[in-house]
Amino acid sequence: MDSTAEKITTMQGYKLHVIETDKYKTNTFVWKMKAPLTKEDVTKRALLPQVLQSSSANYPTTTALRSYLDELYGATLFIDLAKKGEYHIISFTLEIANEKFLSDPTPLLKKGFELLSEVLTKPNVSGNAFDQETVNKEKRTLKQRIQSVYDDKMRYSNVRLLQEMCKGEPYALQVNGEAEDVDTITPENLYEYFKNAFSEDELDLYVIGDVKEEEVKSLAENLLKFENRTPKKVVTTEIPKKDQVNEIKEEQDVKQGKLNVGYRTNIVYGDSDYFALQLFNGIFGGFSHSKLFINVREKASLAYYVSSRLESHKGLMMVMSGIDLKNYDQAVGIIRDQLEAMQKGDFTDQELIQTKAVIRNQILETIDTSRGLTEILYHNVVAAKDIKLEQWINDMEKTTKEEIVAVANKIELDTIYFLTGTEAVK
Amino acid sequence: MEKINFDQLQEELYHEKLSNGLNVYILPKKGFNKTYATFTTKYGSVDNNFVPLGKEEYVKVPDGIAHFLEHKLFEKEDGDVFQQFSKQGASANAFTSFTRTAYLFSSTSDVEKNLETLVDFVQDPYFSEKTVEKEKGIIGQEITMYDDNPDWRLYFGLIQNLYQNHPVKIDIAGTIESISHITKDLLYECYNTFYHPSNMLLFIVGPVDPNKFMDQVRENQAKKNYKEMPEIKRKFEDEPLQTGQPKQVLEMNVQTSKCLIGMKALHVDQTGPELLKNELTMNVLLDLLFGKSSENYNQLYNEGLIDETFSYDYTQEQGFGFAMVGGDTENPDKLADDLKNMLFQAKNGTTFTEEQLDRAKKKKIGAFLRAVNSPEYIANQFTRYAFNDMNLFDVVPTLEKITMNDIKTMSSEVISEERFSVCQVIPKK
């Protein structure tokens with residue numbers, strides 16, 4: 001597994017992670033900025049990377065910046081927002097061709113790095129404010145992005161589940177922030193926030209490709225320098241236990257009902273039983289051999305999609321399915337039965353072996369892509385742990401049935417959310 | 001087995017056409033953990049009118065049957081093939097498009113076993129009345145899911161505007177009504193006609209030894225008794241050059257409107273290098289017109305008519321083709337008008353500079369390098385190209401040869417009022 005040989009260096013204000021591998025025809029940079037998720041900052045953090053990637057000091061219009069990216073053999077630059085536990089993470093990804101596969105020998109790694117540095121550190125500002133026009137149009141785009149969640153019912157119902165389930169917790173916030181807060185952002189206060197973020201966020205740069213660590217390090221030293229900082233940690237508060245399962249039904253004009261069920265796993269990345277939780281999820285609902293797929297889809301013919309997934313840093317598990325409106329009770333019943341079966345140890349050695357094989361395969365496949373590899377390695381930054389991938393795989397292989405049953409008994413059903421049609425018959 | 005070298009890309013491709021007609025391709029990828037294999041038949045949703053194997057007369061089969069067959073092939077008398085794959089640590093899947101049905105797995109161990117499972121399950125159908133009925137509930141939910149998806153409705157709405165007779169206008173999954181007519185006998189009829197090895201292609205990409213894997217496939221096929229297959233007879237009704245309707249508006253439960261404009265393709269009888277050149281030229285033209293570095297894009301973005309969902313795409317297969325441009329918008333009528341004007345300005349002589357063309361070509365070349373990082377892309381696209389007698393690895397040399405004249409000819413020929421159409425999704429009142 002030499003492709004995961006991650007070389008980490010502490011630079012000025014950030015950590016540099018270099019992964020040398022010759023399996024790609026491109027080189028990838030991923031710049032990550034992490035801060036606690038708060039109502040106050042979340043919308044600014046959603047807008048900031050959009051403004052930064054739309055123009056810069058030397059490329060003051062989107063046309064100029066995008067033309068230059070095209071010129072660099074269609075280098076791609078995109079941003080992404082994520083919640084990992086109660087952290088809000090901004091990612092900038094720049095991927096650029098490796099010139100050894102081109103007939104043109106222009107050194108693209110250096111040019112790509114320079115452009116990333118330009119976008120991050122030399123914004124299009126006048127005085128103490130971002131360019132007004134840029135901020136205005138990106139505010140409009142952000143509002144549209146927030147609003148568009150409503151139109152994708154699968155995403156919408158997942159967002160609604162989390163809002164209901166995590167009411168009062170930062171995790172109920174959406175990655176894109178809140179529509180009403182977009183209006184309060186000005187070119188001045190966003191610029192102020194930009195300076196804060198670059199001096200307080202935990203910053204990490206991943207560089208993956210056929211590169212030399214020394215070369216990357218010396219480029220990084222020249223191109224990216226920030227103040228040293230001690231990143232803020234999320235203070236986790238005890239979540240008050242609900243007395244009973246929270247059941248929410250919402251009516252809209254939809255043909256298919258969306259059933260989303262939320263559980264507290266009481267286990268997070270880095271806990272000793274985290275790998276048992278991964279296996280639990282695999283047997284229960286993660287795959288097409290899992291109990292949910294077999295019982296809800298294959299046996300009862302109720303759904304096309306039904307699966308469960310984990311939120312590793314917050315300690316949640318979410319089941320999602322699309323069902324006919326009239327089948328709500330039956331589907332909820334079958335899903336509840338599957339968790340009970342897991343809690344009673346009602347699964348075979350065959351299911352366990354199968355799930356271990358599939359998860360091992362999934363991890364190895366994920367690290368075949370530079371993005372997947374970055375996401376796996378970044379878990380350690382979020383959780384402030386140092387778990388090597390080999391250990392991840394080994395610990396999972398050693399996990400026993402008893403440990404999985406113990407995990408199943410820690411899992412608590414919290415909220416059932418159902419987006420139902422206006423013609424629902426009861 | 002022949003070996004084909006692609007020096008600039010530093011890749012080697014191995015190929016053999018087996019005696020039963022099956023084309024097998026192997027692309028070794030060093031450094032990767034994963035092996036990805038696709039087993040694809042040249043049979044998709046548009047192939048709904050054909051002469052079944054051993055018969056004389058054309059039959060018309062229910063809409064959605066190719067996709068239904070794809071689902072049902074996973075089920076066997078002794079259970080489900082997904083189970084078999086996951087026991088062997090693989091993840092399996094399948095998809096049906098207008099012109100292809102592909103079965104695939106990816107795995108990082110037991111690759112030989114998984115390959116055997118893939119080839120054997122696709123070549124050993126088991127359909128029963130009971131399992132066919134059960135599947136109708138599952139696919140019914142898949143259809144309902146797409147019915148609620150505004151982007152899907154917009155996309156198909158536009159195709160239905162553009163095409164009057166061609167079956168590309170039929171939703172790949174069919175409707176709940178159309179799939180109710182599917183029976184096990186109909187499934188066997190489609191299977192026997194389209195799943196002969198001579199109509200299929202197997203592609204393997206990953207850290208594999210090509211000799212060993214070619215031997216394995218050869219031996220596997222030698223054990224199976226395929227008779228020589230007559231050429232498949234498909235029938236498509238005549239399709240006029242003009243669109244069926246210029247505009248359609250769908251009201252749905254959405255907050256943001258959507259607008260997509262489309263242009264029906266010309267020269268849809270093309271195959272091989274001609275098709276490759278044509279589709280790449282069209283893609284470069286769309287990039288010049290609507291790419292993020294274009295003036296048009298920035299004008300639309302600055303006016304608040306488009307957002308990050310804006311995209312454009314060109315599809316061309318034997319018998320049909322279309323360009324599409326659009327996305328979410330606050331003003332679907334203004335966006336439709338502006339996009340149309342931009343297209344017609346290009347037709348009437350908007351000039352691009354050599355520098356812009358050069359940059360657009362560079363962008364496409366870089367995008368190709370990025371794409372060939374992905375084993376999935378290589379296997380799926382190579383197969384699509386091969387079914388159209390093209391070679392995926394000719395993309396870069398073909399791009400390099402595109403001239404300003406090609407771009408001009410393309411825009412003056414293809415862009416036309418009678419082949420233009422608009423589809424919009426707006427919030428239900």
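Q: What does the accessible surface of chain A come to?
A: About 16,600 Å², with 47% of it belonging to carbon and sulfur atoms. Areas come from the Shrake-Rupley method with a 1.4 Å probe; for residues, only the protein chains shown count as cover.

Q: Where do these values come from?
A: This is a predicted model: local features need pLDDT of at least 70, side-chain atom pairs count only at pLDDT 80 or more, and totals for chains, interfaces and linings use all residues. Side-chain values use heavy atoms, without hydrogens and water, residues are numbered from 1 along each chain as its sequence is written, and chains are lettered from A and ligands numbered from 1 in the order in which they are written.

Q: How many residues are in the largest nonpolar core, and which touch the most other members?
A: The core has 125 residues; A:Tyr14, A:Trp31, A:Phe92, A:Leu205 and B:Phe203 touch the most other members. A nonpolar core is a set of buried (under 20% relative accessible area, 1.4 Å probe, protein chains only) Ala, Val, Leu, Ile, Met, Phe, Trp, Tyr and Cys residues joined through side-chain atoms within 4.5 Å.

Q: And which residues does A:Tyr14 touch?
A: Beyond four places in sequence, its contacts (heavy atoms within 4.5 Å) include A:Trp31, A:Leu205 and A:Phe226.

Q: What lies apart from that core?
A: Another core, of 63 residues, with A:Ile19 and A:Met342 among them.

Q: How much of chain A is buried?
A: Buried residues make up 63% of its 426 residues.

Q: What size of box do the C-alpha atoms of chain A fill?
A: Roughly 60 × 50 × 45 Å, along the principal axes.

How values were computed. Buried means under 20% relative accessible area, exposed over 50%, partly exposed in between (1.4 Å probe, protein chains only).
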